[in-house]
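Please walk through the fold of this protein with the model open beside the text. The account starts from a single residue and then widens to the sheet, the aromatic rings and the charged pairs.

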Amino acid sequence: MSNVVIEPLTPDLIRSAFPLIREALPNLDLPGWLRFVRQTKAVRNAEKAGVMIARRSGRPYPCGLFCYHVDRDLARGRVLIAEHFVAIDLLEPAVVLAALVGELDSLGARLGCNAVRSLVHGTASEISGGLAKAGHTQAGTLLFKALMA
């Protein structure tokens with residue numbers, strides 16, 4: 001049995017979670033993170049967007065997270081979109097990742113979603129592997145192009 005607790009990011013842990021999100025997004029600065037969290041919280045509840053964190057039981061600081069939002073898909077209806085997965089643990093990062101991935105199904109069901117779409121940015125093969133172990137399959141190819149401002 002895992003001693004990893006998965007819960008929504010609370011205001012008192014926003015700054016503590018910043019080093020974690022920097023693992024996924026190294027160029028993100030603290031004001032950008034605070035702005036993102038404020039915008040997701042502006043929804044008033046976690047029905048449309050948020051951040052889920054992982055922490056070890058009895059430990060106050062997060063050791064993993066993912067960001068999510070709910071979107072409408074033409075074929076699937078409500079879909080939970082999850083991205084920016086981070087799982088950091090000195091001894092068992094796979095346990096933290098498994099707990100985060102396990103939360104996707106529960107969160108999707110609580111939010112009335114018909115599917116989960118997980119975005120793995122870059123070459124994070126350990127994240128892809130953890131998702132595959134939980135039954136996630138490749139559903140297509142996501143292409144990206146940055147636009148000059």
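H84 is buried, with a relative accessible area of 16%, where buried means under 20% relative accessible area, exposed over 50% and partly exposed in between, computed with a 1.4 Å probe on protein chains only. H84 belongs to strand β4, residues 77-87, and its phi is near 60°, a positive value in a residue other than glycine. Most residues other than glycine have a negative phi. The model is predicted, so that local features need pLDDT of at least 70 and side-chain atom pairs count only at pLDDT 80 or more, while totals for chains, interfaces and linings use all residues. Residues are numbered from 1 along each chain as its sequence is written, and side-chain values use heavy atoms, with hydrogens and water left out.

The protein chain holds four helices and five strands, which follow one another along the sequence as β-α-α-β-β-β-α-β-α; helices (H or I, at least four residues) and strands (E, at least two) are DSSP runs, numbered from the N terminus. Of the 149 residues in the protein chain, 37% are buried.

The five strands form an open sheet in the order β1-β2-β3-β4-β5, with mixed pairing, two strands being paired if DSSP finds at least two bridges between them. Strands β1 (4-8) and β5 (115-119) stand at the edges, each with a single partner strand, so one side of each is left without a neighbour in the sheet. From one strand to the next, the twist averages 25°. Within this sheet, β3 (residues 64-73) and β4 pair in the antiparallel sense over nine bridges, and the bridge partner of G64 in β4 is A87. Helix α3 (residues 93-110) packs on the sheet, where it touches β1, β2 (49-56), β3, β4 and β5, and its direction makes about 165° with that of β4. Here contact means heavy atoms within 4.5 Å, and axes are lines fitted to C-alpha atoms, for helices over the stretch in contact, with angles running from 0 to 180 degrees between N-to-C directions.

Turning to the aromatic rings, a search of the whole structure finds three aromatic pairs. Rings of Phe, Tyr and Trp (its six-membered ring) pair if their centres lie within 6.5 Å, and planes under 30 degrees apart count as stacked, over 60 as edge-to-face and the rest as tilted. W33 and F36 form a stacked pair, 6.1 Å centre to centre with 20° between the planes, and both lie in helix α2 (residues 30-41), three residues apart, about one turn of the helix. W33 is buried at 1% relative accessibility, whereas F36 is partly exposed at 32%. F66, Y68 and F85 form one aromatic cluster.

The charged side chains form five salt bridges, each defined as a side-chain nitrogen of Lys or Arg within 4 Å of a carboxyl oxygen of Asp or Glu. One of them joins E7 and R55, whose closest N and O atoms are 2.7 Å apart; because E7 lies in strand β1 and R55 in strand β2, the pair ties together parts that are 48 residues apart in sequence. Another joins R117 and D73 (2.9 Å, N to O), and since R117 lies in strand β5 and D73 in strand β3, this pair ties together parts that are 44 residues apart in sequence. Salt bridges that share partners also join R56, D89 and E92 into one network.
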